[in-house]
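Reader: I'm new to this one. Could you walk me through how to read it, feature by feature?

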Amino acid sequence: METIANPKIQKTKRFLRLSLLAFLLFLTIFTIFIAGILIYAKILGPPPLAVPQSTLYYSSDGMVIGESNNGEKRYWVDIEDISKDVINATISIEDQNFYAHHGFDFKRIAGAVFADIKAMDKVQGASTISQQYARNLFLTLDKTWKRKISEAFYTIRLEMNYDKNQILEGYLNTINYGHQAYGIEAASQFYFGKSAHDLSLAEASMLAGIPKGPSIYSPIASFDKAKARQKMILQTMVKNKYISAKEAKSAAKEKLSIVGEHTYHRAAIAPYFQDTVKYLLKSKLGFDDRTIDLGGLHVYTTLNTSQQKIAEQVIDESISKNSTIQVGFAAMDPNTGFVSALVGGRNYDKSQFNRAVQASRQPGSTIKPLLYYAALEKGFTPTTMMKSEPTTFRFDDGRSEYTPHNFNSKYANNDITMAQALALSDNVYAVKTHLFLGQDVLIKTAKQFGIQTKMAKVPSLALGTSGVRVIDMVNAYSLLANGGKKVEPIFITRVEDYQGNVLYQYKPHQEQTLDPKFAFVMDEMMTGMFDKKLNGYSSVTGASIISQMTRQYAGKSGSTNSDSWMIGFTPQLTAGIWTGYDEGDQLTLNADKLYAKNIWIRFMERSLENKPIKTFKEPKGVIALPIDPESGKIATDDCPVSRLTYFVEGTEPTDYCDKHLNENLNKQKDDEKGKKNWLKRFFNWF
């Protein structure tokens, strides 16, 4: 007898088969989907861990001198440099199973969902440290499904490509601790004024409680709430066996001193220097604005903080508070080109215009050492004689004329040497030299010395009528100070990313630009502005500051109606300063004209205090002779004054001074005649 299948049973079996098939199909699709995600995540590789961080600027001695950011403080530190108590406290309160899960704590997620359903509100979070770190890397906190999916995918990529310590390090360096402090190092510095490595258990547990709600649990916002959360964290650490109950009790009782101030602020020292560094990072080294501001760079500079403070101090104390005169100052090591101090103005908050780097002003007579160096190359010597007298020069085939004037219209009205012309800053001698050499020579020489501004082909160029920058002139004088080796102003020695990888390293490369013999002869000539032996129809130009000098300097001052300069050097330091008014107003007060020299000598003396006294190294092929400054010939015992003067061998004078010999003979005759007259009068009387 045939059995007839029950339709209901058949229908049930068919449903079960279809359901099983659908489940298997779903499971297959889900498995393929998950596998696809994992494969795609693996193909994409590790996600970049870079997040906005403060760029720090360091002086030559490793001191942080400033930072750039968008207001947020972010300083990356290795996990080895973070207190173990911070790590344990964070894991205890944020993600107890951090080392056990693979990015998602499903048990915790289920518990959070149940708690939310029970309370009919979102009362419990379930994000792991990995998920929170992924969220931090996205930099946006919008609550869209797209962001949540992207965040989950980012979490998978993090877990697949980085170990737990790398993820924990990234989390601790990016989490928000309130008051613009992002990351444990910034938080540690802000709240307790110390490194994250040095935090105590009490301090660590206090900080670990802040990320849940920085505006609520910050000890500055509410110390009571912060204290309550700290105690809760200490108890979780006991529960998770990171500390003992006794340690928790002791930490809870510890009195904490809250600083509430960020360690690094806008440049308190050398703001103009730092602006120049940022400009060079972009224009010369190719970093974009975002990387400079938020890339977490470590920029190592040439700034000497001691010299910078001295420069700022002497400028402040030397210039009257009531004066509106401005300054541009720079100092550098002439042997390396490393800029050790820079001041671009008297008040950075009022004016960020950098007068040491950006301003182009007439250098006046400070251009003369470049002219006379060229003259030495063309056959002049320190004793080359030319007449100092009022002179009108005609050029352009007689169509134009030019009449230079000496300071206070004083002239020797006879021949003077080049050494004396430089010491007294004789303008007529300079223009004669310029025109004799040809007006192209000084233009080419200025380029040879690294002057980048345009030089006009005019007779007055010898008196510094074409604008130059302070930094360029200091660099030019450094070529003379170092024996003629090419240098350029260096502000940055090394740039590292936040992980310590070197992105840029300065590599010194020097070549001989000037003839070392002529450079040395020029150095010695430039000491003449401080040597009263070269006094002539007027005093040497450095007479007013000789009493402040404790060592030998070479230098040159310069002035126009609206500019005052002083640049000088020793073998180990070059410094130069311009003073004047931004609008080009004339310098009418005597005090205005003396600021540059006084600031320069005070800076040099204080910077070199307790430093060895060095003299310029005499190269081979140079000879020294005692010279009578008046005649320019080899001095004899009859000469009242003689100055040791250096020459390139073969160019030294061979004639001995006979001017004072004749004067002495005449004097002897006069003395004898006087004696005879006296005897004659005596006998006549008798």
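This is a predicted model: local features need pLDDT of at least 70, side-chain atom pairs count only at pLDDT 80 or more; totals for chains, interfaces and linings use all residues.

Reader: Where does Ser 188 sit?

Author: Ser 188 belongs to helix H7, residues 184–192.

Reader: Is Ser 188 buried or exposed?

Author: Look at relative accessibility, where under 20% means buried. Ser 188 has 0%, so it counts as buried.

Reader: And which residues does Ser 188 touch, if I skip those up to four places away in sequence?

Author: Those are Gly 193, Lys 194, Ser 195, Ala 196, Leu 199 and Leu 207. Ala 196 is the residue whose backbone nitrogen the serine side chain reaches.

Reader: Which residue caps the N-terminal end of H17?

Author: For a cap, look for a side chain reaching a backbone nitrogen at the helix end. Here Asp 426 does the capping, with a side-chain oxygen 3.1 Å from the backbone nitrogen of Val 428. H17 is followed by Gly 438, whose phi is positive, near 105 degrees.

**Two threonines in loops**

Reader: Where is Thr 391?

Author: Thr 391 lies in the loop between strand S8 (385–388) and strand S9 (393–395). Its relative accessibility is 15%, so it counts as buried. A polar atom of the Thr 391 side chain is 2.7 Å from the backbone oxygen of Glu 389. Leaving out neighbours within four places in sequence, Thr 391 is in contact with Tyr 402, Thr 403, Pro 404, Val 428 and Lys 432. Val 428 and Lys 432 are among the buried residues of H17.

Reader: What about Thr 513: which loop holds it?

Author: Thr 513 is in the loop between strand S13 (502–505) and helix H20 (516–526). At 22% relative accessibility it counts as partly exposed. Setting aside residues up to four places away in sequence, Thr 513 touches Gln 448, Leu 479, Gly 484, Lys 485 and Lys 486. Gln 448 is 65 residues away in sequence, yet the two C-alpha atoms are 7.4 Å apart.

**The nonpolar cores**

Reader: Which residues of the largest nonpolar core touch the most other members?

Author: First the general idea: in soluble globular proteins, nonpolar side chains tend to be buried together. The largest nonpolar core here has 83 residues, and those touching the most other members are Leu 281, Leu 342, Tyr 372, Leu 480, Phe 491 and Met 522. Helix H19 (residues 470–481) gives this core its largest share, 9 residues. Another core lies apart from it, with 53 residues, including Ile 82 and Leu 172.

Reader: What does Leu 281 touch, not counting residues up to four places away in sequence?

Author: Tyr 57, Gly 286, Phe 287, Ile 292, Val 299, Ile 492 and Val 495.

Reader: How much space lies in the second largest pocket?

Author: About 1,200 Å³. Of its 38 lining residues, the closest to the centre are Phe 407, Asn 408, Gly 558, Ser 559 and Thr 560. By class, the lining has 10 nonpolar, 22 polar and 6 charged residues.

Reader: And how much space is in the largest cavity?

Author: About 70 Å³. Its lining includes Pro 382, Leu 534, Asp 628 and Arg 643. By class, that lining has 5 nonpolar, 4 polar and 2 charged residues.

Key: Residues are numbered from 1 along each chain as its sequence is written. Side-chain values use heavy atoms; hydrogens and water are left out. On a 1 Å grid over the protein atoms alone, a cavity is a set of points where a 1.4 Å probe fits but cannot get out, and a pocket is an open set with protein on both sides within 12 Å along at least five of seven lines; lining residues have an atom within 4 Å of a point. Grid points are joined across faces, edges and corners, and a volume is the space filled by probe spheres set on the points. Ala, Val, Leu, Ile, Met, Phe, Trp, Tyr, Cys and Pro count as nonpolar, Asp, Glu, Lys and Arg as charged, and the others, Gly among them, as polar. A nonpolar core is a set of buried Ala, Val, Leu, Ile, Met, Phe, Trp, Tyr and Cys residues joined through side-chain atoms within 4.5 Å. Buried means under 20% relative accessible area, exposed over 50%, partly exposed in between (1.4 Å probe, protein chains only). Helices (H or I, at least four residues) and strands (E, at least two) are DSSP runs, numbered from the N terminus. Contact means heavy atoms within 4.5 Å. A polar contact is a pair of N or O atoms within 3.5 Å; within protein, one must be able to donate a hydrogen and the other to accept it, and residues adjacent in sequence count only if both atoms are side-chain atoms.
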